[in-house]
Every structure is written in structure tokens, then in C-alpha cells.
Amino acid sequence: MDGTHPEDDPDSGGLLQQFRIAVAADLITLASLHHAEVDDVLLIDLDVQGFPDTLGLKLTQPTSMEASSIMRQALEALSAPLHAEQLDGLAADYAAIFLNHDYSASPYESVWLDEENLVMQAPMFQVREFYRRHGFGVADWRNRADDHLVIELLFIARLLQNEQADALGEAARFMDEHLLRWLPRFGERVAKRCTTPFYAAAGWLTSAYCDELRDALAEILGELRPSTEEIEVRMRPRAVQAAPLKYVPGIAPSW
């Protein structure tokens, strides 16, 4: 479908439903770019979709449009069946990003937000709790933890497919408190350090798309996006205040 924003016609519930369906499909496609090494099956699927020109969300920002153009060019240079040199280059980039972390561009939120840059830290457990509240879970967190890029994208897609009244607000909140706190840095680092145009475009486009999606949700919800500073204050651990000791006459301290 031709991408559109439902705020163009706020009285149309049907348009909002189209938006939900289209954007959920977009997020699932973007997740597929990061799920596994590029192969002929993925390339054929992207070609059949007409990706990225058929994205359901209308991209209007210069950064998003440039990222989309780079992705288009990258796909035009690849066609099934891929030859050995192409497969080797794509596999090496995938491993450097998602398996070996040679580019220091981890697909895990914890690595970006934890003070010691470790996996499976507090951010992952916060993400897991967010999932739990919405009946979403990870089948094998030891293989791919809850805060992996692919799973976070699929979770937002699930929220958009949910017609409950608070689903869009929850999607916006999750993006503020989790995905968009680290995805821009991931996308930028991948784009600068990888060797294949495909993965450079995949990281860049995913980041730019999600940023525009968050803008669209702000318009739909009629709420301003919180600033980076406001989000960091919101996510700051709350200090636990100790109750003051009270002296009771006749009772001596026990230490």
C-alpha cells in the first residue's frame, strides 16, 4: 500500500487500522534483515515485496529517505542466486555484527545501556517485564536474549497488531524507554564499520524508520515525544530511602 499517516484523517478508524497492519508488517520485514545471514530466500522475499519502496509508513525525513535509497541500491546489486564472494562478504558482516561483535555494535540493549557494557543486565530484565505485561515472551533467551534488536522489533509489531486502547501508547513508551535509547547508536556504528552496503543500509534504515514511526505515534496519540533527558530521568533507578531510626526509652541498642 502507499504509505500514509492516519493523522491525515483522524476521523477514520479504518485508516488507523490500516496503519497498524502496515507498520507491523514493516517491522517484521525490518526484523528479517537482522535475523540471519542474507540468503537467496530473503532476497527473493524482499524483491517480491518491492522493499523498501512498499514500506507502509511514508518516510519523509531526509535521513530516512537517504537510508531507503541506499538500501534500494544495495538490493539492486544483489540478486538470487548469490555467488560465493557475495555470500562470504555478507556472512562475514553478519558475524561481525551479530555473533562476534567485531564492530562493537551489539544487537543487545544491555550492552549499550549497562555501565559495564555487558549482556543480560538490568535493561534486559526491564524489557522482559515489559513483555510479560503484554503476554509476550522469548522461547529461548539463552540463544537470543529478550533485549535483542530482532525481538524488540517483533514486540512492537505485536503491540501494533493489538487493538486494545492502550496498545499504541505502550508501543510509544517501549520505544522511548528501550529501543530508541540505543538503536540510533547501533545503526550509526553498523553503517560506518561494516563492509557490505546491505548491512550498512539495514542498520541505518531500521534506525531511521523507527525514529519516524515514533514521530507518527506522537501525532496519533496527540502527545509530544519526551526529550532524551526526560527519558533518562524517567529510567533512572529510584533511590531507596531508609526509614529514620527511632529511640525508644528503656530499650538499649542491640549492637
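This note goes through the predicted model point by point, from the whole chain down to single residues.

1. Overall make-up. The protein chain contains 10 helices and 0 strands. The chain has 255 residues, and 45% of them count as buried. Its exposed surface comes to about 13,900 Å², with carbon and sulfur atoms supplying 53% of that area. Among contacts with a separation of 6 or more, 70% are between residues 24 or more positions apart.

2. Helices α6 and α8. Two packed helices are described by the angle between their axes and the distance between the axes. For α6 (residues 122–133) and α8 (residues 167–193), the angle is about 175° and the axes are 11 Å apart. Angles over 145 degrees count as roughly antiparallel, so α6 and α8 are roughly antiparallel to each other. On the α6 side the contact involves Pro123, Gln126, Val127, Phe130, Tyr131 and Arg133, and on the α8 side Glu170, Arg173, Phe174, Glu177 and His178. By class, the residues of this contact are 5 nonpolar, 2 polar and 4 charged.

3. Glu170. This residue sits in helix α8. Is Glu170 buried or exposed? Its relative accessible area is 14%, and buried means under 20%, so Glu170 is buried. Leaving aside residues up to four places away in sequence, Glu170 touches Phe130, Arg133, His134 and Leu159. Phe130 and Arg133 belong to the α6 side of the contact described above.

4. Helices α8 and α10. Helix α8 also packs with α10 (residues 228–235), at an angle of about 95° and with the axes 11 Å apart. That angle makes α8 roughly perpendicular to α10. From α8, the contact uses Arg173, Asp176, Glu177, His178 and Arg181; from α10, it uses Ile231, Glu232, Arg234 and Met235. The contact of α8 with α10 has 2 nonpolar, 1 polar and 6 charged residues. Arg173, Glu177 and His178 of α8 are also listed in the contact with α6.

5. Helix α9. This helix covers residues 197–221, which is 25 residues, and spans 36 Å from its first C-alpha to its last, close to the 36 Å expected at 1.5 Å a residue. Helix α9 is mostly covered, with 18 of its 25 residues buried. Just after α9 comes Gly222, with a positive phi of about 70°.

6. Trp204. Helix α9 holds Trp204, which is partly exposed at a relative accessible area of 25%. Which residues does Trp204 touch, not counting residues up to four places away in sequence? They are Thr63, Glu66, Ala67, Ile70, Gly187 and Ala191. Trp204 and Ser64 are 140 residues apart in sequence, yet their C-alpha atoms are 8.2 Å apart in space.

7. Cis peptide bonds. Pro52 lies in the loop between α2 and α3. Another joins Ala80 and Pro81, with omega about 0°. Pro81 is in the loop between α3 and α4.

8. His101 has a phi near 60°, a positive value in a residue other than glycine. His101 is in the loop between α4 and α5 and counts as partly exposed, at 32% relative accessibility. Met120, also not a glycine, has a positive phi of about 55°. Met120 lies in the loop between α5 and α6 and is partly exposed, with a relative accessible area of 31%.

Conventions: Residues are numbered from 1 along each chain as its sequence is written. This is a predicted model: local features need pLDDT of at least 70, side-chain atom pairs count only at pLDDT 80 or more; totals for chains, interfaces and linings use all residues. Side-chain values use heavy atoms; hydrogens and water are left out. Axes are lines fitted to C-alpha atoms, for helices over the stretch in contact, and angles run from 0 to 180 degrees between N-to-C directions. Helices (H or I, at least four residues) and strands (E, at least two) are DSSP runs, numbered from the N terminus. Angles under 35 degrees count as roughly parallel, over 145 as roughly antiparallel, 65 to 115 as roughly perpendicular and the rest as oblique. Contact means heavy atoms within 4.5 Å. Ala, Val, Leu, Ile, Met, Phe, Trp, Tyr, Cys and Pro count as nonpolar, Asp, Glu, Lys and Arg as charged, and the others, Gly among them, as polar. Buried means under 20% relative accessible area, exposed over 50%, partly exposed in between (1.4 Å probe, protein chains only). Accessible areas come from the Shrake-Rupley method with a 1.4 Å probe; for residues, only the protein chains shown count as cover. The expected span of a helix is 1.5 Å times one less than its number of residues.
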